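Student: I am new to this structure. Please walk me through it, one feature at a time.

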Amino acid sequence: MIVLDIILPIAVEGVFTYRMPQTSTVIPQAGLRVVVPLGKSKEVMGVVEAVREVAEEEHAEQYREVLRFPDAEPLVTAEQRKLWTWIAEYYMCTLGEVMRAAIPNALRVEKTSKTRKKANPTDKMLPAHPLNDEQLRAKKEIENAWQQKPTVLLFGVTSSGKTEVYIHLAQEQIRQGKKVLYLVPEIALTTQLTDRLRSVFGERLGVYHSRFTDRDREEIYKNVLSGDKYDLVIGVRSALFLPFSHLGLIIVDEEHDTSYKQQDPAPRYHARTVALMLASLFHARTLLGTATPAIETYFNALQGKYGLVEMKQRFAGLALPAIHLLDLQRAYKQKNMEGHFSYPLVVRIREQLANGKQVLLFQNRRGYNSYIECPECGYIPRCIHCDISLTEHKSLNPEMPSRLVCHYCGYSIPAPAVCPECGRGRPIDRGFGTEKIEEEARELFPDARIARMDTDTTHAKNAHEKLIRRFANHEIDILVGTQMITKGLHFKDVSLVAVLKADALFNQPDFRTSERGYQLLEQVAGRAGRAGTEGHVILQTSNIDNPLFAYLKRHDYEAMYAEQATQRQTFRYPPFHRIISITLRHREQSRLEAAARTLNENLVRVFGTRCSAVITPAIGRVQNLYIRQLTLKIEATASYTTAKAMLAAQIDYVKTLPPCKGVLITPDVDPM
């Protein structure tokens, strides 16, 4: 009797075994989609993991029968299934959770659309821009390094011409009959890159990200599976799950970016790590590119695990932008401020606008105000579902009142005109976001064309692309934005970048805060002076003596790295230790605390001082679930596999205890 081990898209360990229908004419193969019964009346789409023959004397009744086979040929390749298994094991989740993330929604239901017919693609690859001497040197060094190491870090300053190096390396792989995957951290980056890549690869370029419709994603998936549509695919982290064949190169652009880490739901994977595993399955090359490497990546390069190639000069000999610090404390004392703009910043912006240049204003918080507060009683409106204050957002319709919004669950209420607690005070603004900056900029620069880029203005389809194209076409003079405006975008007339409150980037209780703050400021600074225009960056700060600002002024990544590496070694953080964060959630605080205490006691017995105490995170309740956290720090020289197995055993045990019933326990391997 033939039975099939099937992966189902549910968070249950292992595979499910069903028997092959005797009347079926389909040849059973691993990778086929199947429809099977689950529970009393539910039907679920699964993927065959293995085909086995069992002895006839085994009772057929113990296996339920496959209902239908939607396809005659597999839609999931052997390499994909190997990758799924590795992800499930490494990131401590189930195969079903990986499958749910990997397969487009349209392919997880039985009825799928037919591939739409397109005009014949341009098969001819067009010439790329010629490389200059610096780019040629980098390209040759990368190719030489690949002879020794499959992974190379290209450490190139902003606007050094890394993209053109990527294109030439991709062309060589394609000439050899190989495919190329080009990863970017966010959808916003695909607009300009797609235009550039399409000018070289034409219709042989595929684009894949979550803003596409289910039907579009299904079509792209099938085109990649066919192997004859695309030579190069550009996409965000989910593109790693496409059914590639003959993969020769994976480019991970802006490899340092935290958007490569999937937070929720599982699998909580890091695209850079998964890219290295995917490349190994095809014996392919990997190129990690950035102007500000992740500390772990640079450490691996210095240790010889990765090859290292550097590009220290901007393209065409352009100078790196000059960075200026403005002391906010002094400016406020001297009443040298217009709203959140210091007078020197206002003067510099007006100068640039008068010269026909463009300006980027960076504030890494969306909304109008961070929160509002009653001056009489101190009341601050908070979310009823989460332990966090509500952020004020102004309506696009001036006749509509502002709303207070929770950025975690979406709960919102109208902004009160009078304090609902004491009935006396009129709430005052605290903090500020991109909406406030946009409003102040319109008042200060009434003749300028101003727009804002954050998740509130780009949720509509193609909104990213429209804003970027308008700015690139000089239809916008001042662009206000969150970190969306910091990453990999090229605007030739941006002469000034201003960060309204640089200190906010360094105030998070996280060991990566200094690294991330440096990376973000260096990246946003890199948007200035990219095409012959002299670039300037103004950082408004209340802590002008922060040593990280001194590193930024010199564009001295190595000094920042050396300081952070010393601290991390002292306090047992990556890259010297590996981290697993364990989060516990439950609606009942007492049950949650009992489970957290029990798990902590058991982990301390197993791991000793490698296990932290139980902590309540800064936001201790989200969507009515209370939260507690533990952290494991495992030496880089120890067996990570063994440590995870020991952790999994303790979690499974605690879940069986009656006082801990129903508590959600989630491990996050290599958290960000």
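Student: In what order do the 6 strands of the open parallel sheet run?

Tutor: A word on the source first. This is a predicted model, where local features need pLDDT of at least 70, side-chain atom pairs count only at pLDDT 80 or more, and totals for chains, interfaces and linings use all residues. Residues are numbered from 1 along each chain as its sequence is written, and side-chain values use heavy atoms, with hydrogens and water left out.

Tutor: Now the general idea. Strands of a sheet pair through backbone hydrogen bonds, either parallel or antiparallel. Two strands pair if DSSP finds at least two bridges between them. Strands (E, at least two residues) and helices (H or I, at least four) are DSSP runs, numbered from the N terminus. Here the order is E13-E25-E24-E16-E23-E22, with parallel pairing.

Student: Which are the edge strands?

Tutor: They are E13 (322-327) and E22, and each pairs on one side only. From one strand to the next, the twist averages 20 degrees. Such angles run from 0 to 180 degrees between N-to-C directions, with axes as lines fitted to C-alpha atoms, for helices over the stretch in contact.

Student: How many bridges join E16 to E24?

Tutor: There are 5, and the two strands run parallel. Phe362 has Val499 in E24 as its bridge partner. E16 (residues 358-362) also pairs with E23, again in the parallel sense, over 4 bridges. There, Leu360 stands opposite Leu479.

Student: Which way do the residues of E23 point?

Tutor: Ile478 and Val480 point one way, Leu479 and Gly481 the other, and all are buried. Buried means under 20% relative accessible area; exposed is over 50%, and partly exposed lies in between (1.4 Å probe, protein chains only).

Student: What joins E23 to E22?

Tutor: 4 bridges do, and the strands run parallel. Ile450 has Ile478 as its bridge partner. E22, helix H12 (residues 463-472) and E23 also make a right-handed β-α-β unit.

Student: Which strands does helix H10 lie across?

Tutor: H10 (residues 343-354) lies across E13, E16, E23, E24 and E25, and runs at about 160 degrees to E24. Helix H14 (residues 547-554) packs on the sheet too, touching E13 and E25. Its direction makes about 150 degrees with that of E13. Contact means heavy atoms within 4.5 Å.

Student: At what angle do helices H16 and H17 cross?

Tutor: An α-helix has 3.6 residues a turn, so residues three or four places apart point the same way. The axes of H16 (residues 589-607) and H17 (residues 640-656) cross at roughly 145 degrees and come within 10 Å. Among the contact residues are Ala595, Thr598, Leu599 and Asn602 of H16, and Ala643, Met646, Leu647 and Gln650 of H17. By class, the contact has 11 nonpolar, 3 polar and no charged residues. Ala, Val, Leu, Ile, Met, Phe, Trp, Tyr, Cys and Pro count as nonpolar; Asp, Glu, Lys and Arg as charged; the others, Gly among them, as polar.

Student: How many residues of helix H8 are buried?

Tutor: 7 of its 8, so H8 (residues 295-302) is mostly covered. The buried residues include Tyr298 and Phe299. Among the elements covering them are E6 (151-156), H7 (271-281) and H13 (513-525). Just after H8, Gly304 takes a positive phi of about 90 degrees.

Student: Why is strand E3 called largely enclosed?

Tutor: Because 6 of the 6 residues of E3 (residues 33-38) are buried. Arg33, Val35 and Pro37 point one way, and Val34, Val36 and Leu38 the other. E3 pairs with E4 (residues 42-53) in the antiparallel sense over 6 bridges. In E4, Gly46 is the bridge partner of Val34. The two strands form a hairpin with 3 residues between them, and Gly39 in the turn has a positive phi of about 75 degrees.

Student: Is Val236 buried or exposed?

Tutor: Val236 is buried, with a relative accessible area of 8%. Its place is the loop between E9 (232-235) and E10 (247-253). Not counting residues up to four places away in sequence, Val236 touches several residues, including Leu183, Pro185 and Tyr208.

Notes:
Right-handed = clockwise from strand over helix to strand, strands pointing away.
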